[in-house]
Amino acid sequence: MTPKDITNNAPRNFTERAESSNGVDNSELVISPGSLVVVTGANGLIGSHVADQFLQRGYRVRGTVRSASRDKWVKEHFEKKYGPGKFELVEVPDMVVSGAFDEVVKGASAFVHVAAPLMISTDPNQTVRIAVESTIRSLESAAKEPAVKRVVITSSSGACASPWTHHDLIDSSTWNESAVEEAYAPPPYDDARRQEVVYYASKTKSEQAAWKWVQEHKPAFTLNAVLPSANLGPPIDVAHQGYRSTIEWVKTAFEKGEALKLTDLQAMAPQYYIDVRDTAALHVAAAVYPDVGGERLFAFAAPFNWNDILQVLKKSYPKHKFSEEIPGLGRYESKVANERAEELLKRLTGHGWTSFEDSVKANAEGLVTQ
């Protein structure tokens, strides 16, 4: 099974369904509420939101982390929010070893692989290999559990394009081969640009490996991939998660204030944004809807640049001193085949993309009290 284009005309009983208490028509879902869903990397920004979105809709979640003792807060958080018996926390210290997820997946109806290996090196010969192998381990384990009907992997916008490369259209056939080529160029590997392209290469090669594995092994489950662009929005638990990855940009704007320079912002370039809650909802849609099969779902809401973030912050927090806007940033002008993803988001949640302003404001909550 490979990525394919599927019509946007969803079955009538899904788009015009009778409302149910959890926002989903339960009668024809691939997996019904009450079923067990495995979510790897449940302590991370995206993984914790994915777990939350499934729990909101009545599913049980088994979340994996590298250290259950360090991340016991995840279980405490979800038990406080949803009550006991809905969320289980399990430890998978090494995602690369054979059978890494064999025990975790037992009894599950869906396996959502969000976790990414730690980038302990910018050497692609190490980092990309580990990313690919951990993805394959997840598929191998899922295939051993007869109850698993869906596997969803978290890919990345970096698997199809870098922010500095232009494409007339980014769609299911688009892969970031230029990042792979640049990542495997001769050393040194220690500059910021190399670190970024190695990450993109790891996402490109691991997603490609997943589609190839499914095509060759033909498991009983259906595979889908969600490709988020730059995630903005709130963490699930600020006290324990802080501001990781791209949501750190807003935190940096507050901390640096008027002294901020573009070089203070890692991987900040004109690109597309997505609210992390929308990213998570698309993982649910990819797991439960019967007409979503063998798809790459592009979680790309709209283009933005750093000045757009500054404008929202200055409007929302007029008493705080932020830096001046940076001239000449430009826009990311590549078009993206994101219509299918937004259609699924509307079907599941009742709304389209969360607005850029709402995403930035939610990202900023807790940073300043006014």
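Two strands pair if DSSP finds at least two bridges between them. Helices (H or I, at least four residues) and strands (E, at least two) are DSSP runs, numbered from the N terminus. The model is predicted: local features need pLDDT of at least 70, side-chain atom pairs count only at pLDDT 80 or more, and totals for chains, interfaces and linings use all residues. Residues are numbered from 1 along each chain as its sequence is written, and side-chain values use heavy atoms, with hydrogens and water left out.

Begin with strands β5 (residues 150–154) and β7 (residues 222–228). They run parallel and are joined by five bridges. Val152 has Asn224 in β7 as its bridge partner.

Now widen the view. Seven strands make an open, parallel sheet, ordered β3-β2-β1-β4-β5-β7-β10. β3 (87–91) and β10 (296–299) are the edges; each has a single partner strand, so one side of each lacks a neighbour in the sheet. From one strand to the next, the twist averages 20°. Axes are lines fitted to C-alpha atoms, for helices over the stretch in contact, and angles run from 0 to 180 degrees between N-to-C directions.

Helices pack on this sheet. Contact means heavy atoms within 4.5 Å. Helix α2 (residues 45–56) touches β1 (36–40), β2 (60–65), β3, β4 (110–113), β5 and β7, and makes about 170° with the direction of β1. Helix α6 (residues 192–217) lies across β5, β7 and β10, at about 165° to β7.

Next, the interior. A nonpolar core is a set of buried Ala, Val, Leu, Ile, Met, Phe, Trp, Tyr and Cys residues joined through side-chain atoms within 4.5 Å. Buried means under 20% relative accessible area (1.4 Å probe, protein chains only), exposed over 50%, partly exposed in between. The largest core holds 70 residues; Phe54, Phe87 and Trp249 are among those that touch the most other members. Helix α9 (residues 276–288) gives the largest share, nine residues. A second, separate core has 36 residues, including Leu223 and Val336.

Finally, the rings. Rings of Phe, Tyr and Trp (its six-membered ring) pair if their centres lie within 6.5 Å; planes under 30 degrees apart count as stacked, over 60 as edge-to-face and the rest as tilted. The whole structure has 16 aromatic pairs. Phe78 and Phe87 form a tilted one, 4.9 Å centre to centre with 45° between the planes. Phe78 is buried at 1% relative accessible area, and Phe87 is buried at 3%. Ring pairs also link Trp249, Tyr273, Phe304 and Phe356 into a cluster.
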